[in-house]
Amino acid sequence: MGGARDVGWVAAGLVLAAGACYCFYKLTRGRRRGGRQLRLRPSRAAEDLTSGSYDDTLNAEQVQKLLYLLESTEDPVIIERALVTLGNNAAFSANQIVIRELGGIPIVGSKINNPNQSIKEKALNALNNLSVNVENQIKIKVYVSQVCEDVIAGPLNSAVQLAGLRLLTNMTVTNDHQDMLSSYITDLFHVLVTGNGSTKVQVLKLLLNLSENPAMTDRLLDAQVDSSFLSLLDGHVPKEILLRALTLLQNITNCLNEEHRLAAQPTFPEGSLFSLLYGKECAQKMKALVHHHDADVKEKVTMIPKF
């Protein structure tokens, strides 16, 4: 039991899957709100905690050990495996709260600065799962600007870029933090038109979140966007991309119509998204898509008021 009392030894044992079985822990941390004690259960075998084969959440004591390990070790293998374990457990709503209450979000967030791209990706994945909780987003928002910069400057179509885009998409499901992305919209469109299919889908998911918020409409329409963006509206484009591009146009048009602005022909600079969406080339593409072979695409086109 002497070794089990050593925090660093137990934490390393959890991640390195030494195969040791642990006895019951008494929870020494505080209670949940309302005075209800956090439910205790035996710690699982270490190999279960790191293999992804478990089907339950870690207890608070185990989470605390993993967080301690992330702060205390410089071993990239241990860091990566600890992040994977925490990230997987952050998919459970109960642990999203536990990790936050144990001060885990800044610990995980610090790893997005790691030069090791695999560690960076795992940290972003963990933050992504944690961001499902609205209260967690308040703590995670401090990383939004850095994640935006990394997405734009990082390797195109990389796992790190996709992980960053997924986190930004979760962080913009509500309107609360969308304005933090305002200065990056033009660059996000550049990633959209230059990225591969997976990247295009993920950027479109993010832009769709922004397009549903009327407060973001002008910022989207003012963005300088390469004319190749309109190629996303070609009939041969994969359906998962084409439908999202059409929905983006639909959302923006609806926002303009709600404010009776489209009829007034608002002015935006040449080369802006507005000039592309409401120019002759886009109108021609919409007319062609009315005859698209896919019923969902044809229906979507008819749902866009201007067309």
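Analyst: A residue is called buried when its relative accessible area is under 20%, exposed when that area is over 50%, and partly exposed in between, using a 1.4 Å probe and protein chains only. By this rule, buried residues make up 50% of the 307 residues in the protein.

User: What kind of model is it, and how are residues numbered?

Analyst: This is a predicted model, in which local features need pLDDT of at least 70 and side-chain atom pairs count only at pLDDT 80 or more, while totals for chains, interfaces and linings use all residues. Residues are numbered from 1 along each chain as its sequence is written, and side-chain values use heavy atoms, with hydrogens and water left out.

User: What is the average pLDDT of the protein?

Analyst: The average is 84, and 79% of the residues score at least 70. The term pLDDT stands for the predictor's confidence in each residue, from 0 to 100.

User: Where does pLDDT stay under 50?

Analyst: It stays under 50 over residues 1-48. For that stretch the model has 83 contacts beyond four places in sequence, where contact means heavy atoms within 4.5 Å. Where pLDDT is low, the predicted coordinates should not be read in detail.

User: How many helices and strands are there?

Analyst: The protein has 18 helices and 0 strands. Both are DSSP runs numbered from the N terminus: helices are H or I with at least four residues, and strands are E with at least two. Among contacts between residues at least 6 apart in sequence, 69% join residues at least 24 apart.

User: Which residues touch the most other members of the largest nonpolar core?

Analyst: They are Leu127, Phe189, Leu221, Phe229, Leu246, Ile252 and Leu273, in a core of 84 residues. Helix H15 (residues 239-258) gives the most to this core, with 9 residues. At least three core residues come from each of domain 1 (57-181) and domain 2 (183-306); the domain bounds come from an automatic or database domain assignment. A nonpolar core is a set of buried Ala, Val, Leu, Ile, Met, Phe, Trp, Tyr and Cys residues joined through side-chain atoms within 4.5 Å.

User: And what does leucine 221 touch?

Analyst: Leaving out residues up to four places away in sequence, leucine 221 touches Ile252, Leu256, Phe268, Ser272, Leu273, Phe274, Leu277 and Tyr278.

User: Let us turn to H17. Which of its residues are buried?

Analyst: In helix H17 (residues 280-289), the buried residues are Cys282, Lys285, Met286 and Leu289. They lie on the same side of H17 because they cover an arc of only 100 degrees around the axis. The arc is that of the directions from the helix axis to the C-beta atoms. The face turned away from this buried side carries the exposed residues Lys280, Gln284 and Lys287. The cover over the buried residues of H17 includes H15, helix H16 (273-277) and helix H18 (295-302).

User: Which residues of H10 are buried?

Analyst: Helix H10 (residues 144-153) has Val144, Val147, Cys148 and Val151 as its buried residues. Their arc is only 105 degrees around the axis, so they are on the same side of H10. Covering them are, among others, H8, helix H9 (134-140), helix H11 (159-171) and helix H12 (185-194).

User: Is lysine 120 buried or exposed?

Analyst: Lysine 120 is buried, with a relative accessible area of 10%, and lies in helix H8 (residues 117-130). Its side chain is joined to that of aspartate 150 by a polar contact of 3.1 Å. A polar contact is a pair of N or O atoms within 3.5 Å; within protein, one must be able to donate a hydrogen and the other to accept it, and residues adjacent in sequence count only if both atoms are side-chain atoms.

User: What is the phi of asparagine 157?

Analyst: Asparagine 157 has a positive phi of about 70 degrees although it is not a glycine. Most residues other than glycine have a negative phi. Asparagine 157 lies in the loop between H10 and H11 and is partly exposed at 28% relative accessibility.

User: Lastly, where is threonine 199 found?

Analyst: Threonine 199 is in helix H13 (residues 197-211) and counts as buried at 0% relative accessibility. Beyond four places in sequence, threonine 199 touches Asn157, Gln161, Leu162, Leu165 and Val191.
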